Amino acid sequence: RFFFFFETETLKLIGQTTLAVRTPGAVDALLLESFAAGTNRLSGTSDNAAMTPITFAGLETLFIDAAANDAGGGDDSVVVNSAGLVGAQLLRVMTGTGENSLIALGGVVRLDVLDGNRLDVTASGARIAVDRSQTVRSITMLGASVVEVDAGAILTPSALDVGAGSPTIDVAAGGQLLLGESSLFSIQGG
């Protein structure tokens, strides 16, 4: 089922299986935040135009497609605030071309990256969990962050930066963290 909304001030979804959001422009700056237990709100801009905020709860998957309208360029950013992803079980992202980033500032984010070759992932006091194989350009871990790779999953970053503050990489039996041939690996004490 598809829903199209134009010129709305706000939108609230509860109990849907999947919410797919396709940004209309090439340059996207999105924010996932939480104001109430078990809910998130997605807001931000696309080509500097404000997007209708969407509040949601009880989703299986939030799919953000920031790639569809890149037209060969466009830098995208997705920031997850300190509560983490609480209104959905899985965050699936597609960012496309450009210099793209996903920054998790806390909580838990179960992540599914569809085209991560140009995506830099930063965990700052957050738990990033992956349960299927995926590639990202880089992973930066700050503070008490955790990157968790479930059994059967392979996480392949081209660069891995483990900063100060007790970050943890947790790879389950049968899971793998693979650094490619041209990988950069950095560990900082603290």
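**Terms and values**

Modeller: Buried residues make up 45% of the 190 residues in the chain. This is a predicted model, in which local features need pLDDT of at least 70, side-chain atom pairs count only at pLDDT 80 or more, and totals for chains, interfaces and linings use all residues. Residues are numbered from 1 along each chain as its sequence is written, and side-chain values use heavy atoms, with hydrogens and water left out.

Biologist: What makes a residue buried?

Modeller: Buried means under 20% relative accessible area, exposed means over 50%, and partly exposed lies in between, with a 1.4 Å probe and protein chains only. By that cut-off, 45% of the 190 residues count as buried.

Biologist: How many helices and strands has the chain?

Modeller: It has zero helices and 19 strands. Both are DSSP runs numbered from the N terminus: helices are H or I with at least four residues, strands are E with at least two.

Biologist: Why are β4 and β5 called a pair?

Modeller: Two strands pair if DSSP finds at least two bridges between them. Strands β4 and β5 (residues 49-50) are joined by two bridges and run antiparallel, so the pair meets the definition. Ser46 stands opposite Ala49 in β5. The hairpin of β4 and β5 has two residues between the strands, and Asp47 takes a positive phi near 50°.

Biologist: What else does β4 pair with?

Modeller: Six bridges join β3 (residues 28-33) to β4 (residues 39-46) in the antiparallel sense, with Glu33 opposite Arg41. Five residues lie between β3 and β4 in their hairpin, where Gly38 in the turn has a positive phi of about 75°. Strand β6 (residues 54-57) is antiparallel to β4 over four bridges, and here Arg41 stands opposite Thr55.

Biologist: Which strands form the open sheet, and in what order?

Modeller: Seven strands form it, in the order β2-β7-β9-β11-β13-β15-β17, with parallel pairing. Strands β2 (18-22) and β17 (168-171) stand at the edges with a single partner strand each, so one side of each has no neighbour in the sheet. Neighbouring strands of this sheet are turned by 20° against each other on average, direction ignored; axes are lines fitted to C-alpha atoms, for helices over the stretch in contact, and angles run from 0 to 180 degrees between N-to-C directions.
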